Amino acid sequence: INISKLVADAGTPSTLVGDLNHDLMYGTMSVYMQGRLASMVNDVSDDPTVRATSALQVLLASPEFSIEK
């Protein structure tokens, strides 16, 4: 899986979350989840690869993603 776009956008948590919302949730991610995920991304690391993979893992394990799919 090529996550280079996510890694490139990981410097700005809201942009990273927006990418995930658009690409994997088709724009249906709740505002609450967007805020929580952006906050987590901001706190997890300064390394963009760690930020991107962490956000992706949390999203894929989330109930919102499971229900959407």
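Predicted model: local features only at pLDDT ≥ 70, side-chain atom pairs only at ≥ 80, totals over all residues.
**α2 against α3**
- On the α2 side, Pro 13, Leu 16, Val 17, Leu 20 and Asn 21 make the contact, while α3 brings in Gln 34, Leu 37, Ala 38, Val 41 and Asn 42.
- Sort those residues by type and you get 7 nonpolar, 3 polar and no charged.

**α2 against α4**
- Here the packing angle is about 45 degrees, and the axes sit 11 Å apart.
- That makes α2 and α4 oblique to each other, and their crossing is right-handed.
- Pro 13, Leu 16, Leu 20, Leu 24 and Met 25 of α2 meet Arg 51, Ala 52, Ala 55, Leu 56, Leu 59 and Leu 60 of α4.
- This contact splits into 10 nonpolar residues, no polar ones and 1 charged.

**The nonpolar core**
- The largest nonpolar core has 17 residues, and the ones touching the most other members are Leu 6, Leu 16, Leu 20, Met 29, Leu 37, Ala 55 and Leu 59.
- Leu 16 is a handy one to click on: leaving out residues up to four places away in sequence, it touches Leu 6, Asp 9, Ala 10, Val 41, Arg 51, Ala 52 and Ala 55.

- You'll find Asp 19 in helix α2, which covers residues 13-25.
- Its relative accessible area is 11%, so Asp 19 counts as buried, the cut-off being under 20%.
- Beyond its neighbours within four places in sequence, Asp 19 is in contact with Lys 5, Leu 6, Asp 9 and Leu 24.

**Tyr 26: out in the loop**
- Tyr 26 lies in the loop between α2 and α3, with α3 running over 31-44.
- With a relative accessible area of 56%, Tyr 26 is exposed, since that label takes over 50%.
- If you want a distance to check, the C-alpha atoms of Tyr 26 and Thr 49 are separated by 23 Å, and the two residues are 23 apart along the chain.

Note on methods
Residues numbered from 1 in each chain as written. Heavy atoms only, no water. Helix = DSSP H or I, 4+ residues; strand = E, 2+ residues; numbered from the N terminus. Buried < 20%, exposed > 50% of the residue type's maximum accessible area, 1.4 Å probe, protein only. Contact = heavy atoms within 4.5 Å. Nonpolar A, V, L, I, M, F, W, Y, C, P; charged D, E, K, R; others polar. Core = buried A, V, L, I, M, F, W, Y, C linked by side-chain atoms within 4.5 Å. Axes fitted to C-alpha atoms, helices over the stretch in contact; angles between N-to-C directions. Parallel < 35°, antiparallel > 145°, perpendicular 65-115°, else oblique. Left-handed = near helix turned anticlockwise from the far one by under 90°.
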